[in-house]
Amino acid sequence: MTYIADNIVCCTPGGPIEGAEGYRAFMSLLVQILASAELIAALGVDEKATLVYDTRTVPVESSPAAECVTVTNAKIVANLLPLRPAAIRNPAVHKKHGSHFRRNRTATSCTPPRLGIQCSNARHLRIQGCAMATSEIITSLPLQILIGGRIFAAATHLFAPRWAARLIRMDATGTPAITYARMFAIRNAILAAGLLHLESFTEPSTFVALNVLVDSVDAVAFLAAGLRKDISARSAALGAGISLFAVAAGTAALLIDPAL
């Protein structure tokens with residue numbers, strides 16, 4: 001930390017980190033598990049330097065990374081980390097220390113004119129000519145399944161609500177089920193849009209957890225409707241089963257996706 005300025009601005013895939021203390025907490029994740037580091041290449045132009053290096057850590061044998069730093073008066077005042085080192089992306093490490101990464105992950109700008117820094121969003125970082133595009137949200141298979149299910153439910157219940165009702169052996173004739181089905185479609189469309197743009201949320205895990213809660217309520221509602229004989233036992237079981245499958249997908253995403 002000897003060469004870190006008190007007002008350092010660090011642009012990371014999760015958003016800007018400002019100040020020496022925040023930078024210390026951010027870098028401590030890697031330092032705690034670092035075994036060795038080897039410089040591969042370095043390029044300096046005026047007050048900027050780009051470093052490419054390989055690290056060996058406890059969970060990852062080789063983790064190449066790069067960063068672009070800006071130096072003023074022998075202090076690093078800005079640092080661009082376009083990609084997280086693989087060791088920090090490791091789910092075990094992220095589960096233990098991930099709160100540091102979830103902080104300020106989607107701040108829309110960090111543009112002190114003096115430093116010439118621009119973090120336009122979490123997917124595109126730029127610092128005085130050093131630029132790289134990156135994807136912050138790592139989409140796991142369970143999350144992809146949940147998104148696909150939401151889109152399917154939205155499309156079928158909006159454009160073919162009677163067919164969607166028949167999928168769970170429900171007779172919608174003469175009932176307000178069609179109207180409710182289209183409302184259900186709109187809700188799923190909104191939830192799908194949110195899941196497709198998790199990088200827009202400060203706490204993406206909270207939005208995924210909201211999806212899990214919504215599907216849990218759906219499962220209870222189907223079971224309750226079956227107990228009241230509002231729908232057949234088969235319809236209640238099928239509806240609850242689909243809802244619980246969505247609960248499982250959302251829960252699995254929260255547990256295994258290191259970006260959540």
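**Helix crossing.** I looked up how α5 and α8 cross in this predicted model: the crossing is left-handed (the near helix is turned anticlockwise from the far one by less than a right angle; clockwise would be right-handed). Helices here are DSSP runs of H or I with at least four residues, strands are runs of E with at least two, and both are numbered from the N terminus.

I noted the angle next. Helix α5 (residues 141-159) and helix α8 (residues 204-227) pack at about 55°, with axes 13 Å apart. Axes are lines fitted to C-alpha atoms, for helices over the stretch in contact, and angles run from 0 to 180 degrees between N-to-C directions. The two helices are therefore oblique to each other (under 35 degrees is roughly parallel, over 145 roughly antiparallel, 65 to 115 roughly perpendicular, the rest oblique).

I then listed the contact (heavy atoms within 4.5 Å). Helix α5 gives Leu 143, Leu 146 and Arg 150, and α8 gives Val 208, Asn 211 and Asp 215.

**Sheet.** I traced 6 strands in an open sheet, ordered β2-β1-β6-β5-β4-β3, with mixed pairing (two strands pair if DSSP finds at least two bridges between them). The edge strands β2 (15-18) and β3 (34-45) each pair on one side only. Strand β1 (residues 4-12) runs antiparallel to β2, joined by 4 bridges. I found Val 9 opposite Glu 18 in β2.

**Source notes.** Residues are numbered from 1 along each chain as its sequence is written, and side-chain values use heavy atoms, without hydrogens and water. The model is predicted: local features need pLDDT of at least 70, side-chain atom pairs count only at pLDDT 80 or more, and totals for chains, interfaces and linings use all residues.
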